[in-house]
Amino acid sequence: MKKYQHIFFDLDHTLWDYDRNVQESLTELHDVHQLNGLGIKDAQALIQAFYNVNFKLWALYDVGKIDRDSLRATRFKLVFENAGVDPESVPTLLEPDFMHRTSSKNYLLPYAMEILEYLKPKYPMHIITNGFNESQAKKLNASGLSPYFDLIVTSETTGHKKPDPRIFQYALDNLGINNQDVIMIGDNPNSDILGAINAKIDQVYFDPHNKGIEMKPTHTIKHLKELEGFL
């Protein structure tokens, strides 16, 4: 009998290629909204300013210091400010256009579809994400990932964000399983790995860029195909 009965996956940066999808969207937005006329000289300048700001905002969101609406309302104002441009000049439709375009992109990380094809006959699989309901649902549909997953658990639905063990417990309760029945696969040392440790769930740290981790995960992999070695 295999050790695990179910698998939990993170979505962004683990299966869905966040960087490629976001960068393509920002490149389109720079052109469509004519941001060079507002002072952002090229798409690369927009991408750099976005990266300088966005992950800090998400870090605040993950610890409950800002909510979804605040994140969306302030994101591009801070991006413009970071790029040295008047934050009040942000086009009204820039944020919703960014959300729509990005969530509609379908680039996946290497081996994502292959590993899901391999795992699907063997395990029920589920998503646990700190992303927002609407955008995560669009990503799953646009990228063709939806058919592989049964339960989609978001922080918006549960009111708890990884690494809070309650978001994992919500999934366990909904599935009627115990923490030893499942393994969590994700790229974020804090939300995914520490979160799973907090919930007493085994973990796979996905580390394609060799960032390393202070904790000691159950497994560490550099590409998703390595999961075939123990699942």
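Trainee: Does histidine 6 count as buried or exposed?
Mentor: Look at the relative accessibility of histidine 6, which is 13%. Buried means under 20% relative accessible area, exposed means over 50%, and partly exposed lies in between (1.4 Å probe, protein chains only). At 13%, therefore, histidine 6 counts as buried.

Trainee: What kind of model is this?
Mentor: Residues are numbered from 1 along each chain as its sequence is written, and side-chain values use heavy atoms, leaving out hydrogens and water. Local features need pLDDT of at least 70, side-chain atom pairs count only at pLDDT 80 or more, and totals for chains, interfaces and linings use all residues, since this is a predicted model.

Trainee: With which side chain does the side chain of histidine 6 make a polar contact?
Mentor: A polar contact is a pair of N or O atoms within 3.5 Å; within protein, one must be able to donate a hydrogen and the other to accept it, and residues adjacent in sequence count only if both atoms are side-chain atoms. Histidine 6 sits in strand β1 (residues 6–9); strands (E, at least two residues) and helices (H or I, at least four) are DSSP runs, numbered from the N terminus. At 2.9 Å, the partner is the side chain of histidine 126.

Trainee: Which residue in β2 is the bridge partner of phenylalanine 9?
Mentor: Good one to trace! Strand β2 (residues 125–129) runs parallel to β1, joined by 3 bridges. Within β2, the partner of phenylalanine 9 is isoleucine 127.

Trainee: Within what arc do the buried residues of α9 fall?
Mentor: Helix α9 (residues 189–198) has Ser191, Asp192, Ile193, Gly195 and Ala196 as its buried residues. They line one face of the helix because, seen down its axis, they fall within an arc, taken from the directions from the helix axis to the C-beta atoms, of 165 degrees.

Trainee: And which residue caps the N-terminal end of α9?
Mentor: Find the backbone nitrogen of asparagine 190. A side-chain oxygen lies 2.8 Å from that nitrogen, and the oxygen belongs to asparagine 188.

Conventions
Pairing = 2+ DSSP bridges.
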